Amino acid sequence: MKAVRYYEYGASDVLRYEDAPLPVPGPQQVLVRVAATSFNPVDAGIRGGYLAEIYQIAFPHIPGVDVAGTIAELGEGVKGWNVGDAVVAFLPLDADGAAAEYALVPAESLAAAPTSVPLADAAALPEPALTAWQALFEVAGLTAGQSVLINGASGAVGGYAIQLAKQAGAEVTATARDRDAQRLRDLGADQTVDYIDYDRSPIEVHGAPFDVVLNLISTTDEQTEALIGVVADGGLHVGTMVFGPQDPPRGVRTQRVFVRSDAAQLAGLVERVDDGRLRIEIADRRPLSHAAAVHDDADNGRLPGKTLLVPSEQ
């Protein structure tokens, strides 16, 4: 099969599109014929070695933590699934991923794919939607009537977070560039803020204080502390890329999210897609052979949005 692999940590040029052995499913695994994977920032973080202390990978390594496809083979002990089933999954971050024509998937990670969108498009769902769900509801405990500021909302996690928070009955403020503002309002944001002036002390954001600040961008320690200033007393700062300060004032709590695979949560998100409550947004579809270029675009801020990588045979 064809796969994208790298043999050492580094920039996007370590990625090779090459022949690789067809994986064989072990006990409680399935072999999935990949319809698509998608690029996520964590793919670049692992590739660059920045997460080596958290996720121990073996070389050569296949990136791609999201997968949508059809089951091609069942491993020993797998029950409840059949060859030909259309599935989605969020793959373990320390194992080979789905930037290949076939991928191994733990059976416990599988969810039935949505039926209302093309199968390949479903690869844009697992990692970012699970991140949004776990940040908002497991960590922040967001409930109806609360207010949330989603900082850096124009990406995939932000898009899902806006939709999920609004459906939960929260008042949603999103930061984004002007070009994304209408799209985010269409997703459910009550208001958008085009810029936070971190040089102003204290910073001002219309609608503050917020019960929850979901910070989806890499802010400096000083910027993160400034964001704490717009969290309500006893509220929560949740970061996906940064930790907050050790002892924030006013009873404010701070926590970083490390997303995990959860098939039941993923199935619930698929249900929301199929009943029209959750929109999957895709900016670009690229051949799997272009993976290095996609990583390079992401590293240099040129990626237009959620990008699928599709094997050439699909």
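In these legends, a residue is called buried when its relative accessible area is under 20%, exposed when it is over 50%, and partly exposed in between, as judged with a 1.4 Å probe and with protein chains only. The structure is a predicted model, in which local features need pLDDT of at least 70 and side-chain atom pairs count only at pLDDT 80 or more, while totals for chains, interfaces and linings use all residues. Residues are numbered from 1 along each chain as its sequence is written, and side-chain values use heavy atoms, with hydrogens and water left out.

**View 1**
The chain is divided into domain 1 (2-124 + 281-310) and domain 2 (140-256), with bounds that come from an automatic or database domain assignment. The C-alpha centres of domain 1 and domain 2 lie 29 Å apart. A nonpolar core is a set of buried Ala, Val, Leu, Ile, Met, Phe, Trp, Tyr and Cys residues joined through side-chain atoms within 4.5 Å. The largest nonpolar core has 74 residues, and the members that touch the most other members are Leu-125, Val-148, Ile-150, Ile-162 and Val-238. Because domain 1 and domain 2 both give residues to this core, it lies between them. A second, separate core has 15 residues, including Val-30, Val-67, Ala-89 and Leu-110.

**View 2. The surroundings of Val-148.**
Contact here means heavy atoms within 4.5 Å. When neighbours within four places in sequence are left aside, the residues in contact with Val-148 include Leu-136, Leu-142, Ala-165 and Ala-170. Glu-171, Val-172, Thr-173, Phe-210 and Val-212 are also in contact with Val-148.

**View 3. The loop between strands E12 and E13.**
Helices (H or I, at least four residues) and strands (E, at least two) are DSSP runs, numbered from the N terminus. Thr-240 lies in the loop between E12 and E13, and Thr-240 counts as buried because its relative accessibility is 18%. Not counting residues up to four places away in sequence, Thr-240 touches Thr-131, Leu-214, Asn-215, Leu-216, Arg-256 and Val-257. Met-241 is found in the loop between E12 and E13 as well, but Met-241 counts as partly exposed, at 42% relative accessibility. With residues up to four places away in sequence again not counted, Met-241 touches Leu-216, Ile-217, Ser-218 and Arg-256.

**View 4. A nonpolar patch at the surface.**
Phe-243 is found in the loop between strand E12 (231-239) and strand E13 (253-256), and Phe-243 counts as exposed because its relative accessibility is 52%. Together with Ile-54 and Phe-258, Phe-243 makes a nonpolar surface patch of about 300 Å². Patches are made of residues with over 30% relative accessible area and no salt bridge, where like charges are joined within 9 Å and nonpolar side chains (Val, Leu, Ile, Met, Phe, Trp, Tyr) within 5 Å. Accessible areas come from the Shrake-Rupley method with a 1.4 Å probe, and for residues only the protein chains shown count as cover.

**View 5. Salt bridges.**
A salt bridge is a side-chain nitrogen of Lys or Arg within 4 Å of a carboxyl oxygen of Asp or Glu, and by this rule the count comes to 19 salt bridges. Asp-121 forms a salt bridge with Arg-285, in which the closest N and O atoms are 3.0 Å apart. This pair links distant parts of the chain, with Asp-121 in the loop between strand E7 (111-112) and helix H2 (126-139) and Arg-285 in strand E14 (residues 284-287), 164 residues apart. Asp-121 counts as buried, at 12% relative accessibility, whereas Arg-285 is partly exposed, with a relative accessible area of 47%. Arg-183 forms a salt bridge with Glu-281, and here the closest N and O atoms are 2.6 Å apart. Arg-183 lies in helix H4 (residues 178-187) and Glu-281 in the loop between helix H6 (263-274) and E14, so this pair ties together parts that are 98 residues apart in sequence. Arg-183 and Glu-281 also belong to a network of salt bridges that links them with Arg-179, Asp-180 and Arg-279.

**View 6. The buried residue Val-294.**
Val-294 lies in helix H7 (residues 291-299), and Val-294 counts as buried because its relative accessibility is 0%. Leaving aside neighbours within four places in sequence, Val-294 is in contact with Phe-39, Arg-286, Leu-303, Thr-307 and Leu-309.
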